Amino acid sequence: MAHALADGRRSILVVDRREPVRGSTLASTAMIQHEIDIPLHRLAGMIGEEKARRAWRRSARAVEQLTHIVSDTGISCGFERKKTLFLAGDAYGRRALHTEVEARHAAGIAADFLAAADLSSTFSIDRTAAILSDISASGNPAQMAAGILRASAGQGVEIASPLEITDMRSTPQGVFLATATGALLSARHVVFCSGYEFLEAVANKDHAIVSTWALATPPATKLPDWLGDCIVWEGADPYLYFRRTRDGRLIAGGEDEESEDAYASPRKLKSKTRTIRRKLEALLDISLPEPDHIWAAPFGTTRTGLPLIGRVPGHENVFAVMGFGGNGITFSQIAAEIVSADIAGHGDADADLFALTRGKT
Ligand SMILES: Cc1cc2nc3c(=O)[nH]c(=O)nc-3n(C[C@H](O)[C@H](O)[C@H](O)COP(=O)(O)OP(=O)(O)OC[C@H]3O[C@@H](n4cnc5c(N)ncnc54)[C@H](O)[C@@H]3O)c2cc1C
């Protein structure tokens, strides 16, 4: 979704600047995790213990909130609560995972440490340790987004798509947006939720774009039964993550590269997805069929793994949300709460964690 505008009487949601392409693949692998890319104990070293705990707790709360939203609005998107299995890897080994579990307990976040023997007997995975936790979910991201758009339209939100926003000016009289068709939009508040693309005025130097790759096997792929309850990722660099869909596909991704355009290389698409498949086969000790789909995409990240959410400095009543990393679904819920609280005038106690100006005061 791109921009939500409110002029006091109505809201307009500009969803996409392009026409939808038939048969195109949605990038998200739709693991709805409370676990931020940077483990809690490590994040505490970067931004302080109190802030890191708040960020992790807020992320866990966002998954709970999403669960309520999907259930309250009756969106049919195969939404299921899942456990998360976080495996030790070359970036975070057994000792780091032990420290991490202690840090999560101290923050009031439930998590179980699994030693190598437990991991092997329950999951038949050969790693030095893992963390098993609740508070995650999965679902079909296209159905979920469509359901939320339908529910918003039902509440009077006007949807405009495709429509490209080409420029923005904020003035004491309101915010003005230029569109590619030559029309002007005016609004009291503008929120840019434009993913990894943004206008120059909204750019933030803490935001970086990386490339990532993913694959999906055919339905009814033969997989371990426990994958029905668990989504999995590993403490490695680059990391591997995967989940099973309701119709039995294995969706997996990873092999991220710090490059804005590596995702566009057909050669890398082949080699990266071959590596993902090989790593899955070795980890799960199974043989996988040729993937039905392979794809690559850019996405926005930050050094701390925390998204950027809040007012754009120097532009009154303009907000931006970006840098969602691998947790776009969870973080977009946090963004919706923080931005709407700000517009409503009552603020949010965690807004400082995600502010575009964080670390500058
Ligand atoms: C391969 C891959 C796997 C992922 N897996 C997961 C996962 O498992 N779980 C998870 O939570 N997240 C995942 N993510 C991250 C997640 O997909 C993103 O964080 C999320 O899509 C961001 O949502 P968004 O609405 O902010 O931006 P986007 O989904 O990028 O949407 C932005 C929209 O804004 C439009 N737009 C941009 N500029 C303009 C403009 N000037 N005018 C009009 N419209 C404009 C774009 O056309 C686009 O439609 C994954 C990402 C990738 C690439």
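## Overall dimensions

For a chain of 361 residues, a compact globule would have a radius of gyration near 21 Å, and the protein chain agrees with this because its own value is 21 Å (the radius is taken over C-alpha atoms, and the globule rule is 2.2 Å times the number of residues to the power 0.38). Taken along the principal axes, the box filled by the C-alpha atoms is roughly 65 × 45 × 40 Å.

This is a predicted model, in which local features need pLDDT of at least 70 and side-chain atom pairs count only at pLDDT 80 or more, while totals for chains, interfaces and linings use all residues. Residues are numbered from 1 along each chain as its sequence is written.

## Secondary structure and contacts

The protein chain contains eight helices and 18 strands, which are DSSP runs numbered from the N terminus (H or I over at least four residues for helices, E over at least two for strands). Among contacts between residues at least 6 apart in sequence, 71% join residues at least 24 apart, a contact being a pair of C-beta atoms, placed from the backbone, that lie within 7 Å.

## Burial and the nonpolar core

Of the 361 residues, 41% count as buried; a residue is buried if 20 or more other C-beta atoms lie within 10 Å of its own, exposed if 12 or fewer, and partly exposed in between. The largest nonpolar core has 88 residues, and A130, A252 and A320 are those with the most contacts inside it. Such a core is a set of buried Ala, Val, Leu, Ile, Met, Phe, Trp, Tyr and Cys residues joined through C-beta atoms within 7 Å.

Helix α2 (residues 49-73) supplies the largest share of this core, eight residues. Leaving aside neighbours within four places in sequence, A252 is in contact with residues including L215, F242 and I276.

## Packing of α1 against α3

The axes of helix α1 (residues 40-47) and helix α3 (residues 94-106) come within 8 Å and cross at roughly 75 degrees, where axes are lines fitted to C-alpha atoms over the stretch in contact and angles run from 0 to 180 degrees between N-to-C directions. The two helices are therefore roughly perpendicular to each other, since angles under 35 degrees count as roughly parallel, over 145 as roughly antiparallel, 65 to 115 as roughly perpendicular and the rest as oblique. L40, H41 and A44 of α1 make the contact with T99, E100, A103 and R104 of α3.

## The loop residue P289

P289 is found in the loop between α6 (266-284) and β16 (293-301), and P289 counts as exposed because it has 12 C-beta neighbours inside 10 Å. Not counting residues up to four places away in sequence, P289 touches T217, P218 and T221.

How values were computed: Contact = placed C-beta atoms within 7 Å.
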